[in-house]
Amino acid sequence: MPQHSEKRSLAIILSVFLFVGIGTYVVTLIARGYRPSITHNGGVSLTATGLLSVTSKPKAASVYLDGSLITATDDTINLSPGKYLLKIVKDGFL
């Protein structure tokens, strides 16, 4: 019959494996573009997002989505699925 310290050690090892497993799964979901969002009834759900990577030559052009300045080029943006009007502008360039 296992002693108390052996049971405790086994419980700690299993807890660490469970923590690492769940942590790895959550990090994988976030890396794939899923983000937690609060639903209308107060619950939490995972929502898929898209990733927009914007680069330009010359660098540091302004990136507008639906008329709003979002960032400069050479950046990535997480977006929810949908249609967007994308505009990239740099003073002195067409």
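In this predicted model, Val26 is placed in helix 1, where helices (H or I, at least four residues) and strands (E, at least two) are DSSP runs numbered from the N terminus. Residues are numbered from 1 along each chain as its sequence is written, and side-chain values use heavy atoms, with hydrogens and water left out. Because the model is predicted, local features need pLDDT of at least 70 and side-chain atom pairs count only at pLDDT 80 or more, whereas totals for chains, interfaces and linings use all residues.

With a relative accessible area of 40%, Val26 is partly exposed, a class that lies between buried (under 20% relative accessible area) and exposed (over 50%), as judged with a 1.4 Å probe and protein chains only. Val26 also contributes, together with Leu18, Ile22, Tyr25 and Ile30, to a nonpolar surface patch of about 510 Å². Patches are made of residues with over 30% relative accessible area and no salt bridge, like charges being joined within 9 Å and nonpolar side chains (Val, Leu, Ile, Met, Phe, Trp, Tyr) within 5 Å. The C-alpha atom of Val26 is separated by 30 Å from that of Val63, which is 37 residues apart from it along the chain.

Helix 1 itself comprises 28 residues (residues 4-31), which at 1.5 Å a residue should span 40 Å, and this agrees with its end C-alpha atoms, which are 40 Å apart; the expected span is 1.5 Å times one less than the number of residues. The helix is followed by Gly33, whose phi is positive, near 105°.

Among the contacts (heavy atoms within 4.5 Å) in the chain with a separation of 6 or more, 34% are accounted for by residues 24 or more positions apart.

A search of the whole structure finds one salt bridge, defined as a side-chain nitrogen of Lys or Arg within 4 Å of a carboxyl oxygen of Asp or Glu. The salt bridge is formed by Lys59 and Asp74, whose closest N and O atoms are 3.3 Å apart. This pair links distant parts of the chain, 15 residues apart, with Lys59 in the loop between strand 3 (50-54) and strand 4 (62-65) and Asp74 in the loop between strand 5 (68-72) and strand 6 (75-79). Lys59 is exposed, with a relative accessible area of 55%, while Asp74 counts as partly exposed at 38%.

The loop between strand 3 and strand 4 also holds Pro58, and the peptide bond from Lys57 to Pro58 is cis, with omega near 5°. Ala60 lies in the loop between strand 3 and strand 4 as well and has a positive phi of about 65° although it is not a glycine. In the loop between strand 4 and strand 5 lies Asp66, a residue other than glycine whose phi is likewise positive, near 55°. Both residues are partly exposed, Ala60 with a relative accessible area of 48% and Asp66 with one of 49%.

Technical notes. Areas by Shrake-Rupley, 256 points an atom, 1.4 Å probe, with all protein chains shown as cover.
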